[in-house]
Structure formats: C-alpha cells, structure tokens
Amino acid sequence: MGRKEAREIALHLIFELSFKQFDDEDLLSDRLEQSVMESLAGDVALYAGELPEQQKTYIRDTVLGVCTHYVELDAIVEAHSTNWKTNRLTHMTMSLLRLALYEMQYADDVPVGTAIDEAVELAKKYESKEASSYINGILGAVAREKAE
C-alpha cells in the first residue's frame with residue numbers, strides 16, 4: 001500500500017470524525033487495528049492487506065493534524081469561498097478540503113501540487129464534478145496565496 005491509498009483511508013477517517021466534531025481519539029486507533037481493517041476489506045478493497053507502519057504513521061499524523069487544526073482549516077476555506085458558505089458544503093467536500101489544506105500547510109513531505117491533485121482525484125471519486133471543480137478552485141487560490 002502506498003501513500004495514495006493511505007491518503008484515501010485518512011480521508012475516510014476525517015470524514016467519519018467530522019460527524020463527531022473531531023473529539024473521538026479512540027476511533028483512530030480502533031480503525032487502524034488489523035482486525036478492523038480485515039473486517040472492512042470485504043466491502044472496500046482498499047482495506048485489504050496489512051498497513052505498513054510508514055502508512056499507519058502518515059494516516060495517524062494526518063488525521064490527528066486535521067483534528068488539531070480543523071478550525072483554522074475551515075477558516076481558510078471560508079476566506080476563499082465566494083458565494084458559498086461552508087455550512088452548505090457536504091461533509092465529504094469539507095473533509096477533502098481539510099485533508100488537502102492540512103497537507104499544504106503542515107506536511108513537509110507532500111508537495112502542494114500533489115496535495116491539490118490528489119484531493120481533486122478523490123473528489124472525482126466521492127463527489128460531483130462541481131465539487132471537484134470547487135475544491136480545485138479553493139486549493140488553487142490558497143496555493144497561489146502561499147506562493148506569494
């Protein structure tokens with residue numbers, strides 16, 4: 001399993017935690033247990049096989065980082081949204097934005113372009129075409145601002 005798959009699992013966890021207001025730390029540990037991963041593998045091939053420790057570390061660090069910084073990440077989305085209120089966005093769109101923005105702001109080993117590209121690809125898988133365009137626009141604006 002590579003970073004792309006680990007990022008998708010991190011997205012699933014961020015999405016799940018978004019319904020709990022990011023306050024259930026036990027959830028993260030439970031979900032990364034091999035027995036839980038195996039139980040999900042029948043429904044989602046992504047969960048088949050054992051997670052390498054490097055990918056578990058990436059998932060744990062990323063999800064906990066989003067949990068720590070979600071208020072700040074949401075403020076970035078709000079500041080760059082035109083004609084959209086963040087409370088109108090789906091949990092998945094917000095989860096994708098939080099994940100990508102966290103990587104852009106705090107993950108030194110993830111290039112900004114990669115964070116954007118991966119978020120857009122995941123949006124195409126889990127959201128509508130309009131949502132993937134919206135996500136690309138927000139992340140592109142943040143990237144341009146960051147580059148200045």
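**Figure 1. Surroundings of Met 94 in the predicted model.** Leaving aside residues up to four places away in sequence, Met 94 touches Asp 74, Val 77, Thr 86 and Leu 89. The structure shown here is a predicted model. Met 94 itself is placed in helix H5. With a relative accessibility of 6%, Met 94 counts as buried, because the limit for a buried residue is under 20% relative accessible area. Tyr 70 stands 24 residues from Met 94 along the chain, and the C-alpha atoms of these two residues are separated by 9.9 Å.

**Figure 2. Ser 81 in the loop between helices H4 and H5.** Helix H4 covers residues 53–80 and helix H5 covers residues 91–106, and Ser 81 lies in the loop between them. Is Ser 81 buried or exposed? The relative accessible area of Ser 81 is 12%, and the residue is buried.

**Figure 3. Polar contacts and neighbours of Ser 81.** A polar atom of the Ser 81 side chain lies 2.8 Å from the backbone oxygen of Val 77. The side chain of Ser 81 is also joined to the side chain of Tyr 134 by a polar contact of 2.5 Å. When residues up to four places away in sequence are not counted, Ser 81 touches Tyr 134 and Ile 138.

**Figure 4. The aromatic pair of Phe 15 and Phe 19.** Two aromatic pairs are found when the whole structure is searched. In the pair formed by Phe 15 and Phe 19, the ring centres are 5.1 Å apart and the planes stand at 85°, so the arrangement is edge-to-face. Phe 15 counts as partly exposed, with a relative accessibility of 27%.

**Figure 5. The protein chain as a whole.** The protein chain contains seven helices and zero strands, and its elements run α-α-α-α-α-α-α from the N terminus on. Of its 148 residues, 46% count as buried. The accessible surface comes to about 7800 Å², and carbon and sulfur atoms account for 48% of this area. Among contacts between residues at least 6 apart in sequence, 70% join residues at least 24 apart.

Technical notes: Residues numbered from 1 in each chain as written. Predicted model: local features only at pLDDT ≥ 70, side-chain atom pairs only at ≥ 80, totals over all residues. Heavy atoms only, no water. Helix = DSSP H or I, 4+ residues; strand = E, 2+ residues; numbered from the N terminus. Buried < 20%, exposed > 50% of the residue type's maximum accessible area, 1.4 Å probe, protein only. Contact = heavy atoms within 4.5 Å. Areas by Shrake-Rupley, 256 points an atom, 1.4 Å probe, with all protein chains shown as cover. Polar contact = N/O pair within 3.5 Å; in protein donor to acceptor, adjacent residues only side chain to side chain. Phe/Tyr/Trp six-rings, centres within 6.5 Å; stacked < 30°, edge-to-face > 60°.
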